[in-house]
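Colleague: Before we use this model for anything, could we go through its packing together, one question at a time?

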Amino acid sequence: MHRKPWLLASAAASVVALCAVLVWMIADRAAVLRDGREVVLKTEPIDPRDLLRGRYVRLNYAISSIPPLLFTDDGVDYFDSGTTIYVRLEEGDDGFWQAEEAVVGAIPADRDDDAVWIRGETRFRVASTSSPANVVYGIERFYAPERVAPEIEKRMLDGAVTEVVVAVDEAGRAQIKALRQGGNTIFTERLW
């Protein structure tokens, strides 16, 4: 049986392409963790499981519900599910970052260079003038390694883990960097 060389070449090209995509995903996440600005968010964790990826903690933040008065856009009457929203965060007196302003679509061009804007998407269709927007930022799940998951689960069930350190890059992309309890880091995410 004679194999055609183009079959081997296309199989090799497919493997290289898949590896390149995987490396790009890992490097992109690592860049946000390494270079992003750190913000600390207060959270209320819930502890479910994912059969494919293992134990994780589902996190809910105060910035997940954006009241209508924070939106500075004119003429926006409602948000469809999946609408891109940028939320400007400021550090509060207690050390936790809070939502101070929200816009639809893009970070304002005349923004302050020191401002931290986090990118999210609306979860449900809502009227912007009467209801808060329910926003997800891609940081609502934290996957815990098997060796430390039981300790983190116990601390969360006891209500001890209340702080999440998040890295936010200039484009508003966010990654969970660490979990803290009372200001003490109990788990730090590795870059790779």
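Colleague: What share of the 192 residues in the chain is buried?

Modeller: This is a predicted model, and the count runs over the 192 residues of the chain. A residue is taken as buried when its relative accessible area is under 20%. On that basis the buried share comes to 38%.

Colleague: Which residues have the most contacts inside the largest nonpolar core?

Modeller: The largest nonpolar core has 35 residues, and the elements that give two or more residues to this core include strand S6 (84-91), strand S8 (116-122) and helix H2 (149-157). A second, separate core of 5 residues includes Tyr86 and Trp117. Within the largest core, the residues with the most contacts are Ile66, Val87, Ile118, Ile139 and Ile152.

Colleague: How are the planes of phenylalanine 142 and phenylalanine 187 arranged, stacked or edge-to-face?

Modeller: The structure holds 1 aromatic pair. The ring centres of phenylalanine 142 and phenylalanine 187 are 5.4 Å apart, and their planes stand at 70 degrees. Since planes over 60 degrees apart count as edge-to-face, the pair of phenylalanine 142 and phenylalanine 187 is edge-to-face.

Colleague: How many residues apart in sequence are the parts that this pair ties together?

Modeller: Both phenylalanine 142 and phenylalanine 187 are buried. Phenylalanine 142 belongs to strand S11 (residues 141-143), whereas phenylalanine 187 belongs to strand S14 (residues 184-188), so the pair ties together parts whose separation in sequence is 45 residues.

Methods: Residues numbered from 1 in each chain as written. Predicted model: local features only at pLDDT ≥ 70, side-chain atom pairs only at ≥ 80, totals over all residues. Heavy atoms only, no water. Phe/Tyr/Trp six-rings, centres within 6.5 Å; stacked < 30°, edge-to-face > 60°. Helix = DSSP H or I, 4+ residues; strand = E, 2+ residues; numbered from the N terminus. Buried < 20%, exposed > 50% of the residue type's maximum accessible area, 1.4 Å probe, protein only. Core = buried A, V, L, I, M, F, W, Y, C linked by side-chain atoms within 4.5 Å.
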